[in-house]
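Reader: I'd like a close look at one part of this model, plus how it connects to the rest of the chain. Please keep it chatty and walk me through it step by step.

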Amino acid sequence: FEFDAATYLFIGDKAKEVSDEFINHGGRAVLKYTNKVAYIIIHKSELKDYKDRVLKAHKAGVTFLSPDFITDSIKAAKLGDREAYFVPINSILEKDDSSDDSDSDSDDDKKSKKTTGKRKRGDSDDDSQKSKGSSKKRKTSDDKEDEKTRKEREMEETGKVKRVLKGRAAVGTFVEDAEDKHVLEEGDVIWDATLNLTDRTAG
């Protein structure tokens, strides 16, 4: 009896125990996986020990058979029914799928955290810019109030008012940014007016 011309690969200690008998009966075996391998002889208890090699061969459509296929065929002096010796690899396939899902979830979580981190930093930057803008406005407003208070105090202490002369007329003391303002002039007409302060609550 001799085995057919199909190419076999023996993986694991239990499979290699029968490899010599297989070769002695005309079997064709290779030492490592190639695209010519049609069947892999491996015991189901050793699947997990060679998971990567098994999954690679499975994706290529290779059939996995028990070592008993070799010994029983030799004893019967004829090629056994391969379907009866088929080794299912569902156990490691399920673990591999679960691992892929876990890795995928892990990647999604990382992306989510990364995006969230960017959003938080962006929000922080926006808040910082808003805070700076608000602080600048408050400072400008405070400066104007301080200037107005200083002018009022100066008038109370000296009885005099400092006025800024622009052209042929002075700008009012309490006009905001008086140094940058001008009184309107049209030819000989100066749009200027001097007003009195009257205490209407007295007497």
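**The close look**

Author: Let's start with A77, which lies in the loop between α4 and α5 (90–158). One thing to keep in mind throughout is that this is a predicted model. A77 has a positive phi of about 60°, although this residue is not a glycine. In the chain, A77 follows α4.

In α4, the buried residues are F69, I70, S73 and I74. These four cover an arc of only 125° around the axis, which puts them on the same side of α4. The spacing makes sense: an α-helix has 3.6 residues a turn, so residues three or four places apart point the same way. What do the buried residues of α4 pack against? Their partners are β1, α2, β3 (39–41) and β4.

Take F69 from that buried side. Its relative accessible area is 0%, so F69 is buried. Seven aromatic pairs turn up in a search of the whole structure. In one of them, F3 and F22 have ring centres 4.8 Å apart and planes at 50°, so the pair is tilted. F3 sits in the segment before β1 (7–10) and F22 in helix α2 (residues 19–24), so this pair ties together parts that are 19 residues apart in sequence. F3 and F22 are both buried. F3 also forms an aromatic pair with F69, again a tilted one, at 6.4 Å centre to centre and with 55° between the planes. That pair links distant parts of the chain, with F3 in the segment before β1 and F69 in helix α4 (residues 68–76), 66 residues apart. At 6% relative accessibility, F3 counts as buried.

Which strands does β1 pair with? Strand β2 (residues 28–30) is joined to β1 by three bridges, and the two run parallel. There, T7 has R28 of β2 as its bridge partner. β3 is also joined to β1 by three bridges, again in parallel. On that side, F10 has I41 in β3 as its bridge partner.

S66 is placed in the loop between β4 (63–65) and α4. With a relative accessible area of 13%, S66 is buried. Leaving aside neighbours within four places in sequence, S66 is in contact with I41, I42, Y85 and V87.

For comparison, have a look at α3. The buried residues of helix α3 (residues 51–59) are V54, L55 and A57. They cover an arc of only 165° around the axis, which puts them on the same side of α3. D52, K56 and K59 are exposed on the other side of α3. Just after α3 comes another positive phi: G61 takes one of about 90°.

Finally, here is the setting for all of this. The protein chain has five helices and eight strands. Starting from the N terminus, its elements run β-α-α-β-β-α-β-α-α-β-β-β-β. Of the 203 residues, 23% are buried. Among contacts between residues at least 6 apart in sequence, 50% join residues at least 24 apart. The chain exposes about 15400 Å², with carbon and sulfur atoms supplying 47% of that area.

Note on methods
Residues numbered from 1 in each chain as written. Predicted model: local features only at pLDDT ≥ 70, side-chain atom pairs only at ≥ 80, totals over all residues. Heavy atoms only, no water. Buried < 20%, exposed > 50% of the residue type's maximum accessible area, 1.4 Å probe, protein only. Arc of directions from axis to C-beta. Phe/Tyr/Trp six-rings, centres within 6.5 Å; stacked < 30°, edge-to-face > 60°. Contact = heavy atoms within 4.5 Å. Areas by Shrake-Rupley, 256 points an atom, 1.4 Å probe, with all protein chains shown as cover. Pairing = 2+ DSSP bridges.
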